[in-house]
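Work through the exercises below with the structure open beside you. Try each task before you read its solution.

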Amino acid sequence: MAAARQVLCVWALLGVARVRCEPIRYSVAEEGESGSPVGDVAEDAGLAPAQLWARRARIASPAGRQHFGLERGSGRLVLAERLDREELCGRSRTCTLAFELLLADPLQFFPIEVSVEDVNDHSPVFPDERLTFKIPELTEAGSRFPVEAAQDLDIGSNDIQAYSIAPENEFFSVFRQSESAKFIELILQKPLDREEQPEMDFSLIATDGGSPPRTGSTQVHIVVLDVNDNAPVFTEKQYIVNVLENAPEGSVILKVIASDADEGANGDISYQLSQSAGRSHSLFTINSRTGEIEIAQALDFETAQKHEFTVLAIDGGGLSAMCNVVVDVMDVNDNAPEIVVSSFSSPIPENAAPGTVVALFSVTDKDSGVNGEISCALAEQLSFSLRPAFKNYYELVTVSALDREQTARYTVVVTAADAGSPRLSGSHTFTVDVSDVNDNAPVFNQTSYTMYVHENNVPALLVGAVQARDADAGANGKVSYSLVAADPPEREPCSCVSVNSESGAVFVLRPLDYEQLRQLEVVVSAADAGSPPLSSSVGVRLLVVDENDNAPLVLHPSAQDGGPAWSEPVPAWAEAGDLVSKVVAVDADSGQNSWLSYRLLRATEPGLFAVGAQSGEVRLRRPPTERDAAKQKLVVLVRDNGRPPLSATAALSVLLLHGSRDAELPQQSPAAHDDDGSLTASLIVALVLVSLLFLVSAAAFAACKACKSKEPSSGHVLYGPSGVPSCVADGAAAGTLPHAYCYELSLTTGSGSSEFQFLKPVLPSLPAQRCSTGVAGDDAEHFPAVPVPVGDADVESPGMQAVGQFHGL
């Protein structure tokens with residue numbers, strides 16, 4: 001076995017060496033054992049054996065049957081099965097098997113042709129094991145008697161080379177016109193004499209030219225008859241007819257005619273087909289009386305394009321004649337194209353570049369001519385296209401970017417159609433799966449979230465959940481949640497809120513106080529598990545809902561040692577409806593929880609006083625009389641509007657000034673009686689001054705309220721309180737200090753003479769700061785320092801003090 005090295009050429013269309021123009025040729029004898037070497041294909045292709053492994057070399061046969069195998073380790077081409085030349089190519093003088101050596105990464109073809117050489121593995125075979133000739137006596141010497149030639153499936157020198165007779169006799173010899181003749185002739189050397197020898201037997205032997213030669217024989221029996229001196233004669237020595245391969249069974253394709261000059265039984269002719277080798281004898285039948293030849297079995301152009309056989313005409317006297325019949329089978333378009341897939345890659349990543357090869361396949365059609373011309377096309381598909389590779393090979397490639405989130409699986413149908421009439425087509429379906437790439441970040445189902453929690457909540461309270469969806473699959477679509485720092489980045493996330501990393505549930509970890517913190521703003525991030533991970537974030541606002549957890553705080557009158565220390569004086573000339581005093585209280589809660597109402601709980605004379613339900617003003621219901629006790633004690637209940645309501649009490653002491661002042665004021669000194677006139681004048685002057693101060697304070701308070709209404713309200717943010725309101729400002733905001741009463745609250749800067757001053761605490765750790773009074777003399781004990789909560793921190797704004805003024809009657 002010898003291999004011919006060929007030269008590689010450059011494929012002009014692609015600009016790269018992808019196919020070898022001249023095939024690599026080998027020859028191998030038939031009947032070789034499987035695994036027998038044919039040639040070193042790696043060396044002849046200019047490749048190293050290691051390249052065969054690296055580039056996934058394989059043998060691709062258009063017919064789909066693998067006669068040869070490739071040893072990647074050694075680079076040798078070996079037989080994959082025993083080859084029978086006669087089965088593959090029949091009696092064709094040449095038998096060549098063509099296929100390709102296919103390499104991937106990059107794609108490259110090496111066409112290979114292997115010529116199968118004939119060996120002498122078949123002996124000559126005669127159609128009949130025994131031949132009988134009835135020869136009339138007196139037949140002249142030189143008469144010829146045709147005998148159908150023996151058949152040898154081998155070709156060339158292994159075919160039949162000579163015929164002989166054994167044992168030799170003086171009456172007959174054998175003659176062969178040519179090597180391609182379908183029959184031989186027995187030549188009568190001398191006339192027969194029935195009386196001397198009525199019958200004769202000998203063997204006709206065919207010998208081929210193999211080494212060693214093979215022989216085949218048939219027995220010849222000669223019967224000497226009386227005179228029948230005319231043999232049948234065909235009108236033609238050879239009949240040729242064209243038949244379509246789809247002709248139905250039973251169709252008459254030809255009628256042979258032979259004539260005999262004899263009369264009677266010697267002139268009656270019967271026809272029969274010779275028992276020739278091959279399938280032709282079984283495909284056709286002949287009418288023995290008429291000579292009509294019919295189709296017995298369906299013909300197939302792809303199996304055999306021509307059939308040859310011999311027809312015998314025998315008369316009643318035993319004389320015969322032969323003619324040759326050639327049936328040419330005409331091709332019809334009865335074979336659809338076939339698609340043979342060589343390689344297929346699925347799934348492919350969604351980020352595969354356009355032009356990625358998905359599949360390599362070949363198309364074949366067993367028909368010939370126009371019926372075998374094939375065209376390939378794709379069904380409507382915008383993401384893939386076909387690209388010719390080599391000869392009848394095509395590549396299925398991507399033409400655009402893929403997106404698994406839009407289409408996770410493509411069904412690509414490749415259709416191959418021939419040019420016959422009618423056109424036949426075949427198809428193959430490629431199911432291409434698209435694998436996921438992490439190209440989608442999680443997306444929240446809301447642009448922002450607002451959640452609510454009541455103050456004084458239990459720890460680890462679930463207040464809501466965020467949800468994000470990732471269009472990717474697998475780990476690329478698995479979302480986890482976490483808290484991230486908001487701007488400015490140096491601040492850490494709030495420690496009182498957490499988010500479940502898997503479900504996105506938002507929890508409040510510790511109890512909240514509405515009075516210290518009214519809202520939180522956090523940022524939740526959703527990240528997938530891809531590599532690298534993608535993420536997105538959303539803002540979550542947590543609003544604290546107020547609960548009624550603060551009881552009202554009484555600012556006036558202030559309690560000291562469990563009871564009032566100073567009495568409100570009521571002159572004897574007071575009328576019903578006159579203002580005696582006012583209860584001032586505040587509530588740290590907000591909304592309706594801070595709406596306060598007042599009512600008289602207890603009194604020495606219940607019918608003497610009335611308390612304003614909304615204002616807290618204590619007024620006379622009737623003028624005082626001499627029968628009323630000089631000292632009156634009142635207890636006022638202050639209640640908020642929460643559910644359930646909370647309350648506080650305020651104790652007041654009222655001193656009724658009757659006509660006899662000595663009796664009414666037992667604690668006054670004797671010197672006081674001397675100054676009654678001056679005291680009355682002082683009271684009048686004080687009343688005028690108080691009225692003027694009240695008007696000034698009311699104007700200042702109104703101006704302060706107007707300025708404060710223009711300032712934006714402060715709120716709590718994630719990282720702590722932004723401002724600290726004073727106890728007086730809280731009272732004003734709560735709406736518990738009406739303008740109609742002479743008790744005035746205002747904000748001033750740098751005032752050094754305020755009656756009420758809310759000072760900074762001495763220690764930063766104190767929870768509240770106290771309000772101190774600026775009342776001089778004995779009145780100072782009626783206004784003790786009152787602890788007032790100031791919100792989120794006990795810090796007073798720089799340069800700002802809360803100032804209060806009280807004016808009595």
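The exercises that follow use a predicted model.

**Exercise 1. The disulfide**

Task: Find which cysteines form a disulfide, and state which hand the link has.

Solution: 
- Step 1. Recall the bond type. A disulfide is a covalent bond between the sulfur atoms of two cysteines.
- Step 2. Search the whole structure. One disulfide turns up.
- Step 3. Name the partners. They are Cys-89 and Cys-95, with sulfur atoms 1.9 Å apart. The cut-off for a disulfide is 2.5 Å, so this pair qualifies.
- Step 4. Look along the S-S bond. The angle about it is 65°, and the link of Cys-89 and Cys-95 is right-handed.
- Step 5. Check the surroundings. Cys-89 is partly exposed, at 22% relative accessibility. Cys-95 is buried, at 1%.

**Exercise 2. The nonpolar cores**

Task: Work out which residues of the largest nonpolar core touch the most other members, and which strand gives the most to this core.

Solution: 
- Step 1. Start with the general idea. In soluble globular proteins, nonpolar side chains tend to be buried together.
- Step 2. The largest nonpolar core has 27 residues, and Phe-234, Val-256, Phe-284, Ile-293, Val-311 and Val-325 touch the most other members.
- Step 3. Trace the elements. Those giving two or more residues to this core include β17 (238-244), β20 (269-273), β23 (306-315) and β24 (320-330).
- Step 4. Pick the top contributor. β24 gives the most, with five residues.
- Step 5. Zoom in on Val-311. Leave aside its neighbours within four places in sequence. Its contacts then include Phe-234, Val-256, Ile-293, Cys-323 and Val-325.
- Step 6. Look for another core. A second, separate one has 25 residues, among them Met-451, Ala-468, Val-538 and Leu-542.

**Exercise 3. Salt bridges**

Task: Find which residue forms a salt bridge with Asp-201, which with Glu-308 and which with Arg-541.

Solution: 
- Step 1. Side chains of opposite charge can pair when their charged atoms come close.
- Step 2. Note the total. The structure holds 16 salt bridges.
- Step 3. Take Asp-201. Its partner is Arg-130, with the closest N and O atoms 3.5 Å apart. Asp-201 lies in strand β14 and Arg-130 in strand β9, so the pair ties together parts that are 71 residues apart in sequence. Asp-201 is partly exposed at 46%. Arg-130 is partly exposed at 47%.
- Step 4. Take Glu-308. Its partner is Lys-182, with the closest N and O atoms 3.2 Å apart. Glu-308 is in strand β23, while Lys-182 is in the loop between β12 and β13, 126 residues apart.
- Step 5. Take Arg-541. Its partner is Glu-521, at 3.1 Å from N to O. Arg-541 is in strand β41 and Glu-521 in strand β40, so this pair ties together parts 20 residues apart in sequence.
- Step 6. Look for shared partners. Salt bridges join Glu-22, Arg-25 and Glu-113 into one network.

**Exercise 4. A nonpolar surface patch**

Solution: 
- Step 1. Find the patch. Ile-684, Val-685, Val-688, Leu-689, Leu-692 and Leu-695 form a nonpolar patch on the surface. Together they have about 580 Å² of accessible area.
- Step 2. Apply the cut-off. Exposed means over 50%.

**Exercise 5. Backbone exceptions**

Task: Find which bond to Pro-212 is cis, and where Lys-391 lies.

Solution: 
- Step 1. Know the rule. Most residues other than glycine have a negative phi, and most peptide bonds are trans.
- Step 2. Check Pro-212. A cis peptide bond joins Ser-211 and Pro-212, with omega about 0°. Pro-212 lies in the loop between β14 and β15.
- Step 3. Check Pro-422. The peptide bond from Ser-421 to Pro-422 is cis, with omega near 0°.
- Step 4. Check Lys-391. Its phi is positive, about 50°, although Lys-391 is not a glycine. Lys-391 lies in the loop between β29 and β30, and is exposed at 61%.

Note on methods. Residues are numbered from 1 along each chain as its sequence is written. This is a predicted model: local features need pLDDT of at least 70, side-chain atom pairs count only at pLDDT 80 or more; totals for chains, interfaces and linings use all residues. Side-chain values use heavy atoms; hydrogens and water are left out. Buried means under 20% relative accessible area, exposed over 50%, partly exposed in between (1.4 Å probe, protein chains only). A nonpolar core is a set of buried Ala, Val, Leu, Ile, Met, Phe, Trp, Tyr and Cys residues joined through side-chain atoms within 4.5 Å. Helices (H or I, at least four residues) and strands (E, at least two) are DSSP runs, numbered from the N terminus. Contact means heavy atoms within 4.5 Å. A salt bridge is a side-chain nitrogen of Lys or Arg within 4 Å of a carboxyl oxygen of Asp or Glu. Patches are made of residues with over 30% relative accessible area and no salt bridge: like charges are joined within 9 Å, nonpolar side chains (Val, Leu, Ile, Met, Phe, Trp, Tyr) within 5 Å. Accessible areas come from the Shrake-Rupley method with a 1.4 Å probe; for residues, only the protein chains shown count as cover.
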